Every structure is written in C-alpha cells, then in structure tokens.
Amino acid sequence: MISLPGPLVTNLLRFLFLGLSALAPPSRAELQLHLPANQLQAVEGGEVVLPAWYTLHAEVSSAQPGEVPFVMWFFKDKEKEDQVLSYINGVTTSKPGVSLVYSMPSRNLSLRLEGLQEKDSGPYSCSVNVQDKNGQASGHSIKTLELNVLVPPAPPSCRLQGVPRVGANVTLSCQSPRSKPAVQYQWDRQLPSFQTFFAPVLDVIRGSLSLTNLSSSMAGVYVCKAHNEVGTAQCNVTLEVSTGPGAAVVAGAVVGTLVGLGLLAGLVLLYHRRGKALEEPANDIKEDAIAPRTLPWPKSSDTISKNGTLSSVTSARALRPPHGPPRPGALTPTPSLSSQALPSPRLPTTDGANPQPISPIPGGVSSSGLSRMGAVPVMVPAQSQAGSLV
C-alpha cells in the first residue's frame, strides 16, 4: 500500500495547482475538464469507472508532445475530504482499489474504483493542471461528480407468528437486515399450488402476510422475496394447519377432567363415611350389658286375689321344667306365693278307683304348709289343646 500525503500536503498541492493556473500567462489554449453531470450508480462489491477527460481549444490533436498534466482525485465524505489518487511528475500514488484507467500522460483521467462498499458513496472531485513543453501552464480546471453505491437485499428471515390450526389467524413475517435502497416484499405460495398475495393481506413495506380463518387447503410452502433495484433475496416457511385443538385447550381439558374426578371421588367418600357413621349407633351392642332383673310378684294377698288369673298363668310357666341348663349369670325366676299356694285340682272319679296322690310342689313345700303360711287357693281354669281357656 502506497502512503498518500497528509492533509497539509494535500492542501499545499491544491494551492500549488490553483497558484500555477492563476500566475500563468494567458494561453491560446483553453483547458476544459469533462465529467458526467448525472449521478453515477454502482453495486456494492463491484467496480465502477468515473469518466473524466480534458481538452485544449485551438489544438487539433488529443495530446501535444511535451504536454505534462498534474492530476489529483479527492473524495469527500460526511466528515472530511481525502485524496484518493495523485499523478505528479510522472509518479502515481493511490489508495487500495483505486487506479487510473489509462496510463499517463494522457488526456483521459478516468478513475477506476474496485471492491466498492456503501461507504464509498459520495462526491468525487477531479483537479487537473497542464503544462506545456516549455513548462508553462496551459490551464487548470476542477469538477465534481456524485457516486451512489447501491446494496442488494441481504438474505431475509421468515417467521410464523400464531398457532396454525383450523379457524385460527396467523401472520407470516419477512425482514431483510440490510439493503439500499429499501426493499419491497412479495409473498407467494409455491406448493401445493402457486398463489400470489396482494394488499390488504400483504404489506409490501413491512413484509407481513396475514392469513385469517385457516383451513387445511391453505397449508403449503410460502416464499418471501425481498427485492430492490439491484438484487433479490428470498426465504421460505412451511405452513402446516392442524385440525385438532391447540395444546393449551388440550391441557385445560385434561386439568378440568382431573379436577372433576377428584371432586366426585371426594363427594362419594364423604357420603360413604356419613352413612357408616349413622349405622354404627344403631348396631352398637355392648358386650358387658346386664339383662334387666325380673321383678318378683309382691307377696301381698290383695294383689294375688285381684290378679288371680295372671298369677295362675305365671305359676303354670314357673312349674315348667327348663329346656336346657341355665346360662351362667342368668337369673332364675322365683315362683310367687300364688304359684306355691295352688294345689293340683282333684277331678271326681266315677269308676271307684283310688285317687292319685298329689305330687308335691317343687321346692319341698306341701299344700298344708302353704295353708299354714297363709296362701289362698286360686282356681286355675282349664286349657284346651288349642291353647284357649275353658
């Protein structure tokens, strides 16, 4: 890389060019520098030629023997002005990627720029001072042209926003990170069938495509194209439309079902426990409960006389032998006085047979003993086989 003169040297050279042209005596030749008036455009990464040439009036040939040009090219960005090339006394100095199209000395001063970047956009100035073979200045001129470096769209990124299921709404977005000038977007569906979208569903500036009320027929491969004056880039996204409910709906249904089953199980368990609690007091039998004692009949003679019939029945039951051995702890009823005082009735006999002796009353007390004890005889009615009293 050849180092260029600093800003001070550059200014001195420009002052020298202007001084020479001002101090030079008038010449029959008049120098004219020619540059395009229109703005030049180039693409980033490529190259461009800035055309420039000069002429001397009153001369026929394109160049005269011994004619020596002094050439300088400058570039002015937003902050300062830099020298990019100079040709002085047969020596050329330039920045990388900058060169003259024709070998010097020549009246064609065109400048070639290679490996362009967006920052190379701006005004370029060409200054030329020509001396004749005698070393006298033939004239001086400076002119400027504008260069605009365009940037093709960088590869965009495609995104899908929303849940693509039947009946839902989704948005396909596309964005290119860098371009000059600004890009415009176009969405197409490639598969299964080609389809081009337009406004209002398509926003050509923001690159968004709105799809509403999705159906299964809207599934496919969607391609976004970002384009400007100098290039095109694209990306694609595959839209798959599901027919089932979304994941959130499924999760909500599962949770709701589990909560409902839990509540139902809790209600069934509570009902079962309450029913069991109500049955336990009714079926509760205490093992250590004591049977109620049988109250003995009172020994009063008035009670016996008034309740003779009941006493007779009671005495008949008392005289019956037990069917089995008494249970341990069971109370044996004590026969009342009325039952002890009842003798067996004697039936008259007609056949003259000897009367049957009366069997003694259980307990070893005879009827005579009962009489001495004050017992009152009671008539016991006869009982038929059917169990009714006669």
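Buried means under 20% relative accessible area, exposed means over 50%, and partly exposed lies in between (1.4 Å probe, protein chains only). L261 has 52% relative accessibility, so L261 counts as exposed.

This is a predicted model: local features need pLDDT of at least 70, side-chain atom pairs count only at pLDDT 80 or more, and totals for chains, interfaces and linings use all residues. Residues are numbered from 1 along each chain as its sequence is written, and side-chain values use heavy atoms, with hydrogens and water left out.

**A nonpolar patch**

L261 sits in helix α2 (residues 247–282). Helices (H or I, at least four residues) and strands (E, at least two) are DSSP runs, numbered from the N terminus. Together, V254, L258 and L261 make a nonpolar surface patch of about 300 Å². Patch residues have over 30% relative accessible area and no salt bridge; like charges are joined within 9 Å, and nonpolar side chains (Val, Leu, Ile, Met, Phe, Trp, Tyr) within 5 Å. A salt bridge puts a side-chain nitrogen of Lys or Arg within 4 Å of a carboxyl oxygen of Asp or Glu. Accessible areas come from the Shrake-Rupley method with a 1.4 Å probe; for residues, only the protein chains shown count as cover.

**Aromatic pairs**

How many aromatic pairs does the structure hold? There are 2. Rings of Phe, Tyr and Trp (its six-membered ring) pair if their centres lie within 6.5 Å; planes under 30 degrees apart count as stacked, over 60 as edge-to-face and the rest as tilted.

F75 and Y124 form a tilted pair, with 4.7 Å centre to centre and 35 degrees between the planes. F75 is in strand β5 (residues 68–76) and Y124 in strand β10 (residues 122–131), so the pair links distant parts of the chain, 49 residues apart. Both residues are buried.

The ring centres of F197 and Y222 are 5.8 Å apart and their planes meet at 25 degrees, so this pair is stacked. F197 lies in the loop between β15 (195–196) and β16 (202–203), and Y222 in strand β18 (residues 220–228), so the pair ties together parts 25 residues apart in sequence. F197 and Y222 are buried.

**Backbone features**

Most residues other than glycine have a negative phi, and most peptide bonds are trans. Here are some exceptions.

| Site | Feature | Value |
|---|---|---|
| M104 to P105 | cis peptide bond | omega near 5 degrees |
| K180 to P181 | cis peptide bond | omega about 0 degrees |
| N89 | positive phi | phi near 55 degrees |
| N213 | positive phi | phi near 50 degrees |

P105 lies in the loop between β8 (98–100) and β9 (111–113). P181 lies in the loop between β13 (170–175) and β14 (184–191). N89 is in the loop between β6 (81–88) and β7 (91–94). At 61% relative accessibility, N89 counts as exposed.
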